[in-house]
Amino acid sequence: MRSSCPDSLDTGKKSLLVDTHNRPVEYARISVTSQCNLRCTYCMREEHEPHESSVPSLKKHEIKTIIDVLAGLGITKIRFTGGEPLLRSDIVELVEHAKNTEGIRKVTMTTNGLLLDRYLQRLTDAGLDALNFSIDSLESERYHAITRRNEFERVRANLSKILASKSIRVKVNVVMMRGINCEEMAEFVGLTREDPVTVRFMELQPFDDNQIWRTGKFFGADKIREMLHDRFPDIQQTEGSSTEFFGFRLPGYKGSIAVIPAFTRNFCSCCNRIRITSDGKVISCLYEKEGFNLLPLLRSNSDHEALADVFRSAVAHKPEDGKHAAGNSFRASMSEIGG
Ligand code: SAM
Ligand code: SF4
């Protein structure tokens, strides 16, 4: 059971950004830094180039300007991501700004959760609507092997803390990898027993500097679903969405499970997103590499209309089927665009 393209917020307002294939663009993901405090093997190399050394990250006032322009163009949902967004000490102020911007209806974040203890209360007070918490193992040693950092205890405690606080809607992102963490499925499903959390099992994607991608670790959505049915014979399938393509729930459990076929399915026909990289490029498609540069305009104090034109140009170039157009040429790491 699944529905088609249901993810957009029903605002009753016609989107002002519509691409040449008639898809309204209503959702912006802003990567606020390319830096990270973990080194997930499928995402970046140990010696991940600190991008900021050559091109500085967008400044706080520049991100605020981008949000204002996006809201004026009919964007209703903002996700802060990275790199690791909680590495920015001004992250709460950015969330607050987005929440207080007319037209923005939903503000979310994707984080590895390592620094969440530092920010949870302030993010809650700022009105963050939802948070995707990425954690690929619930075992300390395996977590260390995947992230190359010995931070499991703090991350796990932060996951418990946010679930217990019930202050923010939480989704748990798990990249499923053959021979690495897929045998932990039951433990992850267990998280949905007492808490209204969605555990999302995701396919590995080829934005992978380390090329784990090429080492037979890919574990497809069909295998994930097979395993779910095998381990949980009474699992019930629920309506999916354009992203959380397959939905499930276990009888008596408070949360839900989703399977995201990020690689094996093509989501292009439902795509309502644009991305802004931490160095100020507008990327209209996950598979696009170049983007349209906002930085020269931002740094020369150009007016909002000039910035809006860059977004319009980017959206006008949004490919109908970006995955197909990309062929076998992918960007090196998801950290540049925030997933
Ligand atoms: N650092 C934050 C985090 O990990 O949540 C935000 C940025 S991270 C790039 C966003 C999401 O992309 C995470 O859930 C991560 O697991 C996922 N991701 C990164 N590289 C990936 C890859 N090669 N395949 C699939 N998912 C990936
Ligand atoms: Fe950092 Fe997120 Fe990439 Fe892991 S997936 S290295 S936490 S940016």
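**Before you look: what "partly exposed" means.** A residue counts as buried under 20% relative accessible area, as exposed over 50%, and as partly exposed in between. Keep those cut-offs handy for the close-ups below, which come from a predicted model.

**View 1. Glu62 and Arg299 join up in a salt bridge.** Here the two side chains meet with N and O 2.7 Å apart. Glu62 sits in helix α1 (residues 60-72), while Arg299 is in the loop between α8 (295-298) and α9 (304-316), so this pair ties together parts that are 237 residues apart in sequence.

**View 2. Arg142 reaches Glu184.** These two side chains also meet in a salt bridge, 2.6 Å from N to O. Arg142 belongs to helix α4 (residues 140-147), and Glu184 to the loop between β5 (169-176) and α6 (185-190); the pair links distant parts of the chain, 42 residues apart. Glu184 is buried, because its relative accessible area is 1%. Arg142, at 26%, is partly exposed.

**View 3. Glu194 pairs with Lys254, loop to loop.** In this salt bridge, the closest N and O atoms are 3.5 Å apart. Glu194 lies in the loop between α6 and β6 (198-203), and Lys254 in the loop between β8 (246-249) and β9 (256-260), so the bridge ties together parts that are 60 residues apart in sequence. Glu194 has 48% relative accessibility, so this residue is partly exposed. Lys254 also has a relative accessible area of 48% and is partly exposed too.

**View 4. Lys60, Lys64 and Glu93 form one network.** What joins these three residues? Salt bridges that share partners do the joining. Searching the whole structure turns up 18 salt bridges.

**View 5. Asp279 makes polar contacts in a loop.** Asp279 lies between β10 (273-276) and β11 (281-283), in the loop that separates them. Which side chains does the Asp279 side chain contact? One is the side chain of Thr277, with a polar contact at 2.5 Å. Another is the side chain of Lys281, with a polar contact at 3.5 Å. With a relative accessible area of 9%, Asp279 is buried.

Definitions and conventions. Residues are numbered from 1 along each chain as its sequence is written. Chains are lettered from A and ligands numbered from 1 in the order in which they are written. This is a predicted model: local features need pLDDT of at least 70, side-chain atom pairs count only at pLDDT 80 or more; totals for chains, interfaces and linings use all residues. Side-chain values use heavy atoms; hydrogens and water are left out. Helices (H or I, at least four residues) and strands (E, at least two) are DSSP runs, numbered from the N terminus. Buried means under 20% relative accessible area, exposed over 50%, partly exposed in between (1.4 Å probe, protein chains only). A polar contact is a pair of N or O atoms within 3.5 Å; within protein, one must be able to donate a hydrogen and the other to accept it, and residues adjacent in sequence count only if both atoms are side-chain atoms. A salt bridge is a side-chain nitrogen of Lys or Arg within 4 Å of a carboxyl oxygen of Asp or Glu.
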